[in-house]
Amino acid sequence: MSKKENKKFIITVNPKSPSKDIIAFTKLVTQRKKRIENASSKPITSDPINDLARRLHPERLNLIISEIRDETKSTKTFKLIADSESGTKDLAYFRAGQYLSLKVDVNGVIITRPYSISSSPKEALKGYYELTIKKEELGFLTHYIWDNWKVGTKIGSSGPEGFFYYEPLRDSKQIVGIAGGSGITPFRSIAKSFIDDKIDSKLTILYGSSDQEDIIYFDEFKKMEKQHPEKIKVIHILSCEEVSIEGCEHGFITADIIKKYSDESNSSFFICGPQIMYDFVEKELNKLKLRKKQIRREAFGEIKNVTNFPDFPQELAEKVFEVEVSIGNIVKKIPAFARESVLVALERANLAPPSKCRSGECGFCRSHLISGNIYVNPISDWRRAADKKYNFFHPCASYPISNLKISVPRSIS
Ligand code: FES
């Protein structure tokens, strides 16, 4: 530091001498007492800072279905508005790409599931969110939703959560979205926000579907591309035998296709889709030798089959273990299958454990492993080093491989 800069620094900070500091310190208690004596005796009733924080990050949202639209044979969009009768006056703002964790009571068993918000943040300010949900062949919850959700159904949800959003300070101006099936839903929100907020970036979506009939938002994206060619481009990649869509690709989202439609070294890649697509696309992206920070992946919920991981102890796959759980003031012994997550075992026992992402990412289900052994699937292992050291774990990403004793926090809402 030069002499001139040094002088500037001393003038700016203006430190007091040690003796002045000590004198000031001796007056501290008397001055505080005086302030307390002179203060108003009226209770403080408003807390604007915390009120704003609660509105932006609510623990819970009470929502109500106001409209249901068919998107494809197996996909519906649910429009949700605030349920003021149940205490939610406004919807929380969010970042395009985030999700809601729904809490659904299925015949007395509480199940949580994360669903990406498919509408835009601007639409939340107008008073609604949209969720686009695909009915899964073997999906227990989505069958329940199809049979039971109607206009007027009330739904409990977390506030918007997740890290799958465009961040101009971190991401490139060229965003490549790689989507499979219903993994297109956060990209609808991101595309709309690029247009609504006039964001100076381009979103190119490589959208893989198994059949033309399964493509979600086909016409809507065509319109966006036509009206905003400088911002939105969608390429359909179809794996079925016969395709009749002009300009689409046939097959899967390979490294060659990614290279064909992107400037890969100057792009940020956002991936969202089923686990099988991640497994395939990640190998293809590896061929392009991208930097780690160029790739972002959406948490996709629990993995479907933990026994596919080569390091899972296959000899234990069919075992059932006993888990002693303490949750709130309840202590209970419950059975847990080795091939199902500890979270599922807790839900099956109707203990209503906390959860949001179900992918090991948010930390909301963080619990203490008092004794026993768990298998943590490597792609969902987001535990901090200190948590690993002191035996904290995420039940949504962990599988029992011995009898366990665990302590689980109570769900907040
Ligand atoms: S629910 Fe998010 S880490 Fe378990």
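Strands S2, S3 (99-106), S4 (109-116) and S5 (128-134) are among the elements that cover the buried residues of helix H5. This is a predicted model, in which local features need pLDDT of at least 70, side-chain atom pairs count only at pLDDT 80 or more, and totals for chains, interfaces and linings use all residues. Residues are numbered from 1 along each chain as its sequence is written, and side-chain values use heavy atoms, with hydrogens and water left out.

- H5 spans residues 140-148, and its buried residues include Leu141, Thr142, Tyr144, Ile145 and Trp146.
- Buried means under 20% relative accessible area, exposed over 50%, and partly exposed in between (1.4 Å probe, protein chains only).
- Helices (H or I, at least four residues) and strands (E, at least two) are DSSP runs, numbered from the N terminus.
- Strand S2 covers residues 75-82 and contains Ala82.
- Beyond its neighbours within four places in sequence, Ala82 is in contact (heavy atoms within 4.5 Å) with Asn62, Leu63, Ile64, Thr88, Lys89, Asp90, Leu91 and Gly127.
- Ala82 and Ala191 sit 109 residues apart in sequence, with 24 Å between their C-alpha atoms.

**Helices H6 and H7**
- The axes of H6 (residues 185-196) and H7 (residues 218-227) come within 12 Å and cross at roughly 25°.
- Axes are lines fitted to C-alpha atoms, for helices over the stretch in contact, and angles run from 0 to 180 degrees between N-to-C directions.
- H6 and H7 are therefore roughly parallel to each other; that label takes angles under 35 degrees, with over 145 roughly antiparallel, 65 to 115 roughly perpendicular and the rest oblique.
- H6 contributes Phe187, Arg188, Ala191, Lys192 and Ile195 to the contact, and H7 contributes Glu220, Phe221 and Met224.
- By class, this contact of H6 with H7 has five nonpolar, no polar and three charged residues.
- Ala, Val, Leu, Ile, Met, Phe, Trp, Tyr, Cys and Pro count as nonpolar, Asp, Glu, Lys and Arg as charged, and the others, Gly among them, as polar.

**Cysteines**
- The whole structure has zero disulfides, a disulfide being a pair of cysteine sulfur atoms within 2.5 Å.
- For Cys248, the nearest cysteine sulfur belongs to Cys240, 7.8 Å away.
- Cys248 is buried at 18% relative accessible area.
- For Cys272, the nearest cysteine sulfur is that of Cys357, 13 Å away.
- Cys272 is buried too, at 8% relative accessibility.

**Loop residue Asn329**
- Asn329 lies in the loop between strand S13 (320-327) and strand S14 (330-337).
- Asn329 is exposed, with 72% relative accessibility.
- Asn329 and Arg410 are 81 residues apart along the chain, yet their C-alpha atoms are separated by 9.3 Å.
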